[in-house]
Amino acid sequence: MQSFSPNTSLTHSLPATGHVAYFSMEIAIHPSMPTYSGGLGVLAGDTLRSAADLELPLVAFTLAHHKGYFHQHLDSTGQQTEDVQPWNPEEFCTEEPEQIAVWVEGRTVTVRAWRYDLVGCTGHTIPIYLLDTDLEVNTGWDRGLTDHLYGGDTNYRLQQEIVLGMGGVRMAAALGIDVNVYHMNEGHAALLTLALLEGQMGGGPQGVVTESDVALVRKQCVFTTHTPVPAGHDRFSAEQAGRILGSERTAKLEELGAFKDGLLNMTLLALRFSRYANGVALQHGKVSREMFPEFAIDSITNGVHGPTWISAPVQQMLDEHIPAWRRDHLYLRNAIDIPANAVIEAHSHAKEELLAAVAARTGLVLNPRMLTLGFARRVATYKRANLLFTEPERLVEIAKAVGGLQILYAGKAHPQDEPGKALIREVVERAATLDSDTLQIVYLENYAWDLGALLTSGVDVWVNTPKRPYEASGTSGMKAAMNGVPSLSILDGWWIEGWIEGVTGWAIEDGANDAEEAASLYGKLEKAVVPLYLSGPEKWAGLMKTTMAINGTFFNTNRMVQQYARNAYYPGHPVTGARVAEEAFAD
Ligand SMILES: *Cc1c(COP(=O)(O)O)cnc(C)c1O
């Protein structure tokens, strides 16, 4: 039993010698680097930004994604087309001299790394290594392996996962990074366990795996699962695995229990080899335990990085009234005491910035005094972007009652998701039919970091209508909350934890079907949202203050990263904001 007294640690203890190596297929690193698609990448980026602010000893691995996640264009009917967004790593990163090799479908593929230095608020730097196969020594096909995020077929995906998981482990070693925790952010990185296992057994796929080999890998690995939607879990056929990974490796993975229903299951592989696993909200942990009953799966609720997502006017207001919020977000509790006028003014500025961006993008001039709802997310059918149109006449009545209603939509559908694309067309078509002086619905093109920040901070209410229980967490409503913007949402994901009726927003109640849930949505607009809006800005500001005080203090990645440190990376060891106690590395 190790003892710990508060003054042995932290500022004057040894800096940790070992590092957490964080692996993620996508990371939203910088607004001008199209290396992410949506929530998972934004969460990964926010995790690293908070880890940098908190001075955690952490390094990260991802792929370069040279061609970028796609740029979305919508025509007047809402038909989506996609363009590649090539970007140049040289403009943002430094090339490392080390190169490593991985074995892919019988070929040796050479991998290099670009280093991006993410600098936290105190100057602590977290290096992010973007792995890249675009090298002359590789074949044309292999040079493209790090081009497209979530592009191509499952063969392409499995090959990318070899580069990420196995390549990342070897690159960390080549760079001389001392790693004591490997964190798999989603199953995409699960093959890192295979690289660790092989490294331990002398380098190759041969040999008999013993229990102690497995135990040694497990001791180093933690895993976060991110979706209760079965299609979100990567699976590969035995034929594919045999061909791309090699038959000996595939046989080994089967022996180790990474197959389910005849398929190599990356979530299962990650779970088998992790000493700690978690879902991303309390409810999601529960759903994940039901999906994988043989594993202990904990919950660490997601968050967002405050300084990244709080609008400039609101940050200015916080700096003036609660300067300590920057070093410790718990002080946001004091948002309760900010004068209503300051909140009203800061939000009006954020709303003006949003409406100016809408005008610049579409030519439409919206009214800053009108109640404005926001709905933006990756377009997947379970998110039900069309739920608000279930009874269009009722929506029109609500708009009249509140003196005009504006609804801003945004979101990309995956290029191969035809039902998702049809949903966008439906919203655009409805917007055109319902358009009037009192109701304006706008679908904004190309939802990405910049638009996400403008929308979550500039609208008056953030709406979310997923079908239960498919929302693992959701983070856009947290961005809104940090700006004081209340949510009107289905009780799923994070909102089960964040919801206090009339204090942080409102719940859309569970119904037997879509129509019943739509009825609850209208009912809440009619009986709660509209009356409060009509009662004047001062009352509304009261709601914004409680939203910020109660949810801003919790749903941020500073709190989340500290929970990872305590529960996943260094269990049983005290951690404060900054540095991990020396004792954490004693064994
Ligand atoms: C925050 C964010 C997301 C994730 O939000 P959800 O609530 O999970 O939909 C996705 N895309 C962008 C561009 C974001 O900023």
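**View A. Packing of helices H18 and H19 in the predicted model.** Helix H18 (residues 514–534) packs against helix H19 (residues 537–552) at an angle of about 125 degrees, their axes being 6 Å apart. Axes are lines fitted to C-alpha atoms, for helices over the stretch in contact, and angles run from 0 to 180 degrees between N-to-C directions. Helices (H or I, at least four residues) and strands (E, at least two) are DSSP runs, numbered from the N terminus. H18 and H19 are therefore oblique to each other; angles under 35 degrees count as roughly parallel, over 145 as roughly antiparallel, 65 to 115 as roughly perpendicular and the rest as oblique. Val529, Leu532 and Tyr533 of H18 meet Lys539, Trp540 and Leu543 of H19, where contact means heavy atoms within 4.5 Å. This contact of H18 with H19 has 5 nonpolar, no polar and 1 charged residues. Ala, Val, Leu, Ile, Met, Phe, Trp, Tyr, Cys and Pro count as nonpolar, Asp, Glu, Lys and Arg as charged, and the others, Gly among them, as polar.

The model is predicted: local features need pLDDT of at least 70 and side-chain atom pairs count only at pLDDT 80 or more, while totals for chains, interfaces and linings use all residues. Residues are numbered from 1 along each chain as its sequence is written, and side-chain values use heavy atoms, with hydrogens and water left out.

**View B. Packing of helices H4 and H5.** The axes of H4 (residues 192–200) and H5 (residues 211–218) are 9 Å apart, at an angle of about 130 degrees. H4 and H5 are therefore oblique to each other. Thr193, Leu196, Leu197 and Gln200 in H4 meet Asp213, Val214, Leu216 and Val217 in H5. The residues of this contact of H4 with H5 comprise 5 nonpolar, 2 polar and 1 charged.

View C. H1 (residues 39–53) and H20 (residues 557–569) pack at an angle of about 80 degrees, with axes 9 Å apart. That makes H1 roughly perpendicular to H20. H1 contributes Leu43, Asp46, Thr47, Ser50 and Ala51 to the contact, and H20 contributes Thr557, Asn558, Met560 and Val561. By class, the contact of H1 with H20 has 4 nonpolar, 4 polar and 1 charged residues. In the loop between H1 and strand E2 (58–63) is Glu55. Glu55 is a residue other than glycine with a positive phi, near 60 degrees.

**View D. The peptide bond between Arg468 and Pro469.** Arg468 and Pro469 are joined by a cis peptide bond, with omega about -5 degrees. Pro469 lies in the loop between strand E19 (461–464) and helix H16 (476–482).

**View E. Contact between domain 1 and domain 2.** The domain assignment gives domain 1 (11–303 + 559–584) and domain 2 (307–555), with bounds from an automatic or database domain assignment. The contact takes 36 residues from domain 1 and 35 residues from domain 2. The centres of domain 1 and domain 2, taken over C-alpha atoms, are separated by 32 Å.
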